[in-house]
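The sequence and the structure come first.

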Amino acid sequence: MVRIEKITENKKQFLDLLLLADEQENMIDKYLPMGDLFALYDDDLKSVCVVAPINNEICELKNIATYEKYQGMGYGRALIKFIIDFYKNDYKSMLVGTGETPPILSFYKSCGFEISHRVKNFFTDNYDMPIFEGDIQLVDMIYLKKKLLE
């Protein structure tokens, strides 16, 4: 039975999972305190995500991660569906930023997100070391956007 909980205390207990999606702890520390953390359980913990406000109309999905052995089983999609419903009365749209990797971009597009804009050199300017997704080095941040009330 899948259940999703909003975590309000001791968010750093999920650091191992958050680091799967954002490899540098000090970058996570920038959004975790003011972000809402959600954990998805199916018997045990499978996925987490963090959503942070940008302004009164826009929030951003800052981090979403599923343990590797559970990837491809629909947990990330279930979490996105949940947070879209959770925030639809509070914000007009949700952003998500990711590297330029076709499988991840296609995942977000399949969840209803559309490419919005690009931040040049985000990964090379903000991370201490090169960040790779598979064999692709991430350079630019690609932002996708979804309207929450359709």
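## The largest pocket

In what follows, Ala, Val, Leu, Ile, Met, Phe, Trp, Tyr, Cys and Pro count as nonpolar, Asp, Glu, Lys and Arg as charged, and the others, Gly among them, as polar. On that basis the lining of the largest pocket divides into 24 nonpolar, 10 polar and eight charged residues. A pocket is an open set of points on a 1 Å grid over the protein atoms alone, where a 1.4 Å probe fits, with protein on both sides within 12 Å along at least five of seven lines, and lining residues have an atom within 4 Å of a point.

The model is a predicted one, in which local features need pLDDT of at least 70 and side-chain atom pairs count only at pLDDT 80 or more, whereas totals for chains, interfaces and linings use all residues. Residues are numbered from 1 along each chain as its sequence is written, and side-chain values use heavy atoms, with hydrogens and water left out. Of the 42 lining residues, Ala-21, Ile-64, Thr-98, Ile-104 and Tyr-108 lie nearest the centre of the largest pocket.

## A buried aspartate

## Salt bridges

The structure holds 11 salt bridges, including one between the side chains of Lys-46 and Asp-44 (2.3 Å, N to O). Lys-46 is buried at 6% relative accessible area.

How values were computed: Salt bridge = Lys/Arg side-chain N within 4 Å of Asp/Glu carboxyl O. Buried < 20%, exposed > 50% of the residue type's maximum accessible area, 1.4 Å probe, protein only.
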